[in-house]
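Dear colleague,

Please find below the structure that I am handing over to you. I would be grateful if you would look through it together with the notes that come after it.

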Amino acid sequence: MPQNTPGNPEGDGTPVPRRLLAAATRLFADQGYDRTSVQEIVEAAGVTKGALYHYFGSKEDLLHEVYARLLRLQQERLDMYAGSQEPVEERLRAAAADVVVTTIENLDDASIFFRSIHQLSPEKNKQVRAERRRYHERFRALVEEGQEAGVFTRDIPADLVVDYHFGSIHHLSTWYRPDGPLTPQQVATHLADLLLRALTHPGT
């Protein structure tokens, strides 16, 4: 097994943290977090245990980062859409579709998280839930903005609309297949349309 100095990329130029995350993601997805050992991760990544502990400290830190990196990406993209100058309906539609696409493109990360969140320590669990709550609150603020402006109906509470959309997203890993009949963008368009339809004023 190659002996890598922490901080140095592998022979193919891939940084060690990225290799570790890729190996951990594959193993967690294939055999589960609790059935994956640190030794299996470092062997799959082609690094030493010293490299893993230099970057992540523990297997739990790897699990946390698998989901945290996806959430960071989605938060950045939501902030971009929410902060644009487009009408609120278009901003919400774009944000609603984008979170579907990014989830499908990182389906292993999302499914690992929802299967294994209970195995995080209370401190890390609380941290992740706070980060998710921040994302959902930003998303809900778009719905509320449209409701206050009269663009969206107030018949359905904003909280319920947001839960409806993200409930659909959380179930993607149970049915979506890359070789299935729908592309990620088609799924995203359908779910975004359903969300906007729920917010449409009756009779319009």
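The notes below go from the overall fold to individual side chains.

This is a predicted model, in which local features need pLDDT of at least 70 and side-chain atom pairs count only at pLDDT 80 or more, while totals for chains, interfaces and linings use all residues. Residues are numbered from 1 along each chain as its sequence is written, and side-chain values use heavy atoms, with hydrogens and water left out.

Overall fold

The chain has 10 helices and 0 strands; helices (H or I, at least four residues) and strands (E, at least two) are DSSP runs, numbered from the N terminus. Along its principal axes the C-alpha trace spans about 65 × 35 × 30 Å. Of the 204 residues, 44% count as buried, where buried means under 20% relative accessible area, exposed over 50%, and partly exposed in between (1.4 Å probe, protein chains only). A contact is defined by heavy atoms within 4.5 Å. Among contacts between residues at least 6 apart in sequence, 71% join residues at least 24 apart.

Domains and record annotations

The chain is divided into domain 1 (16-55) and domain 2 (59-200), with bounds that come from an automatic or database domain assignment. The C-alpha centres of domain 1 and domain 2 lie 27 Å apart. Across the boundary, 12 residues of domain 1 are in contact with 13 residues of domain 2.

Two annotations come from UniProt, whose positions are given in the numbering used here, with shortened feature names; such annotations may be inferred rather than shown by experiment. An unreviewed UniProt entry places "domain: HTH tetR-type" at residues 14-74. In the model, the span 14-74 is 77% helix and 0% strand, and its end C-alpha atoms lie 23 Å apart. UniProt (unreviewed entry) also lists residues 37-56 as "DNA-binding region". Residues 37-56 are 75% helix and 0% strand, with end C-alpha atoms 14 Å apart.

The nonpolar core

A nonpolar core is taken as a set of buried Ala, Val, Leu, Ile, Met, Phe, Trp, Tyr and Cys residues joined through side-chain atoms within 4.5 Å. The largest such core has 59 residues, of which Leu20, Ile41, Leu62, Leu92, Val100 and Phe139 touch the most other members. Helix 5 (residues 88-105) gives the most to this core, with 9 residues. Because domain 1 (16-55) and domain 2 (59-200) both give residues to the core, it lies between them. Once neighbours within four places in sequence are left aside, Val100 is in contact with His165, Ile169, Leu172, Val187, Ala188 and Leu191.

Aromatic rings

A pair of aromatic rings is described by the distance of the centres and the angle of the planes. Rings of Phe, Tyr and Trp (its six-membered ring) pair if their centres lie within 6.5 Å; planes under 30 degrees apart count as stacked, over 60 as edge-to-face and the rest as tilted. By this rule the count comes to 7 aromatic pairs. One of them joins Phe113 and Phe114, an edge-to-face pair at 5.2 Å centre to centre with 70° between the planes. Phe113 is buried, at 2% relative accessibility, whereas Phe114 is partly exposed, at 31%. The pair of Trp175 and Tyr176 is edge-to-face, because its ring centres are 6.0 Å apart and its planes at 75°. Trp175 is partly exposed, with a relative accessible area of 44%, and Tyr176 is buried at 5%. Tyr67, Phe113 and Phe114 form one aromatic cluster.

A charge sits over a ring if NZ of Lys or CZ of Arg is within 6 Å of the ring centre and within 35 degrees of the ring normal. Lys59 lies over the face of Tyr33 in this way, at 4.3 Å from the ring centre.

Gln75 and Glu131

Gln75 is found in helix 4 (residues 59-82) and is buried, at 7% relative accessibility. Apart from neighbours within four places in sequence, Gln75 is in contact with Glu131, Arg134, Tyr135 and Arg138. Glu131 belongs to helix 7 (residues 122-148) and is partly exposed, with a relative accessible area of 28%. With neighbours within four places again left aside, Glu131 is in contact with His64, Leu71 and Gln75. Glu131 and Ala68 are 63 residues apart in sequence, and their C-alpha atoms are 8.4 Å apart in space.

With kind regards
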